[in-house]
Amino acid sequence: MNSKSFKETIEKSSSVLIISHVNPDGDTLGTMCALYQIIKNNFNKNPEMVFNGVIPDIYHFLPNINQAKTPQELEGKVYDLAIAVDIAAIDRMGDSLPLFKNAKVRINIDHHKTNKGYGDINFVRGDACCAGEVLFDIAKDLNLKTDKVTADCFYTAFLTDTGGFRYENTNANVLKKSAELVEWGAVPAEISGYCYESKPKNMVLFHAHCMMNAQFENDNKIAYTLISNKDMEKFHAKNDYTEGIVEELRRMNSTEISFVLKEVDENTTKASLRSKNIDVSVIADVFGGGGHKFAAGCTIRKPLSIACDKMLDEIRKKFLIDSHPELDLGSVQSTDSKTGPQ
Ligand SMILES: [Mn+2]
């Protein structure tokens, strides 16, 4: 899809809504705020933004984020144009979905390879490091006016979706574009400080607790932890406190696959998976989820401990094949001997 259709569609829409995904992260929020600023700067329109769930405290520094509204506040409104950012599948819109569906025209800006192109106009590029990069390229292509506010928002998307410029999606182009954002006024140390050095004390202690409860299988190649609602209550943990734990488990030199299972209610468990070399999106897919090769997630309609057995079973089933000798699943121990978190 060419950038001209993006420009023309915005030009002829008098009301525009930008939609971010449930459990918002730095990419969806950064891209949403960047787009908000771009539309104000270049099209002389007042777009609206909608978020679902809780905006993590660390992202409250994002310019204009306080303008974002909840789907409840916007209920019943019909927009000329709705733009989804960083949303792999429509169910990731949560309560914002009716607003997207009811809009006269829908644009989909994303970088998830599993995105099926649910918009009327789709800008989906699996090669981009973040949804922010897809929008950045459109903005450059159209020669749109940008400023420090836009740069801060874009930089947050680039920084967080590349794990601080460490993941495999970090390449020369990503770094060149990030350098350009610094030229526009983004200050790397400042934004890294907000994103990575501002955890509340309870969150750090909660992470320590989850790490102490970690379980290991297959010579420590599979690392995981279970988080119950009791654990959450004990640390007064907000929903976003679970962010980063699955990456911490992957950080160990022995880990090939890490996952975190979080109790939603007695029959529902949320799973996050990470890996170093193995495509974990195929595991998430088994449970109706998806994501990227090395970072995926899903919801399992089972209680926490049963979901855990199912997850381990699926990992074994998928990778108990010759093509993954690195997992050496021959040495898997029985899951019966596990002790879960108290
Ligand atoms: Mn993203």
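Is Asp 86 buried or exposed? Select it and look around: Asp 86 is buried, with 29 other C-beta atoms within 10 Å. Here "buried" means 20 or more other C-beta atoms within 10 Å of a residue's own, "exposed" means 12 or fewer, and "partly exposed" lies in between, with C-beta atoms placed from the backbone.

Before moving on, note that this is a predicted model, in which local features need pLDDT of at least 70 and side-chain atom pairs count only at pLDDT 80 or more, while totals for chains, interfaces and linings use all residues. Residues are numbered from 1 along each chain as its sequence is written.

**Stop 1: around Asp 86**

Asp 86 sits in the loop that links strand 3 to helix 3 (97-102). Its phi is near 65 degrees, a positive value in a residue other than glycine. Helices (H or I, at least four residues) and strands (E, at least two) are DSSP runs, numbered from the N terminus.

**Stop 2**

Now show the open sheet of 5 strands, whose order is 2-1-3-4-5 with parallel pairing. Its edge strands are strand 2 (48-50) and strand 5 (121-124), each pairing on one side only. From one strand to the next, the twist averages 15 degrees. Two strands pair if DSSP finds at least two bridges between them. Strand 4 (residues 105-110) pairs with strand 5 in the parallel sense over 4 bridges; pick Ile 107 and you will find Ile 121 of strand 5 opposite.

**Stop 3: helices on the sheet**

Select helix 1 (residues 3-11), which lies across strand 1 (16-19), strand 3 (81-85), strand 4 and strand 5, and runs at about 140 degrees to strand 4. Helix 4 (residues 131-141) also packs on the sheet, where it touches strand 3, strand 4 and strand 5, its direction making about 115 degrees with that of strand 4. Axes are lines fitted to C-alpha atoms, for helices over the stretch in contact, and angles run from 0 to 180 degrees between N-to-C directions. Among the buried ones are Leu 135 and Phe 136. Just after helix 4, Asn 143 takes a positive phi of about 60 degrees.

**Stop 4: the cores**

Which residues have the most contacts inside the largest nonpolar core? They are Ile 18, Ile 19, Leu 35, Ala 82, Ile 83 and Val 85, in a core of 58 residues. A nonpolar core is a set of buried Ala, Val, Leu, Ile, Met, Phe, Trp, Tyr and Cys residues joined through C-beta atoms within 7 Å. Click Leu 35: leaving aside its neighbours within four places in sequence, Leu 35 is in contact (C-beta atoms, placed from the backbone, within 7 Å) with Ile 18, Ile 83, Val 85 and Leu 135. A second, separate core has 35 residues, including Met 203 and Ala 295.

**Stop 5: strand 11**

Finish at strand 11 (residues 295-300), which is mostly covered, with 5 of its 6 residues buried. Strand 9 (residues 268-275) pairs with strand 11 in the antiparallel sense over 6 bridges, and Thr 269 has Ile 300 as its bridge partner. Strand 10 (residues 290-291) is joined to strand 11 by 2 bridges, also antiparallel. Strand 10 and strand 11 form a hairpin with 3 residues between them, and Gly 290 stands opposite Gly 297.

Note on methods: Two residues are in contact if their C-beta atoms, placed from the backbone, lie within 7 Å.
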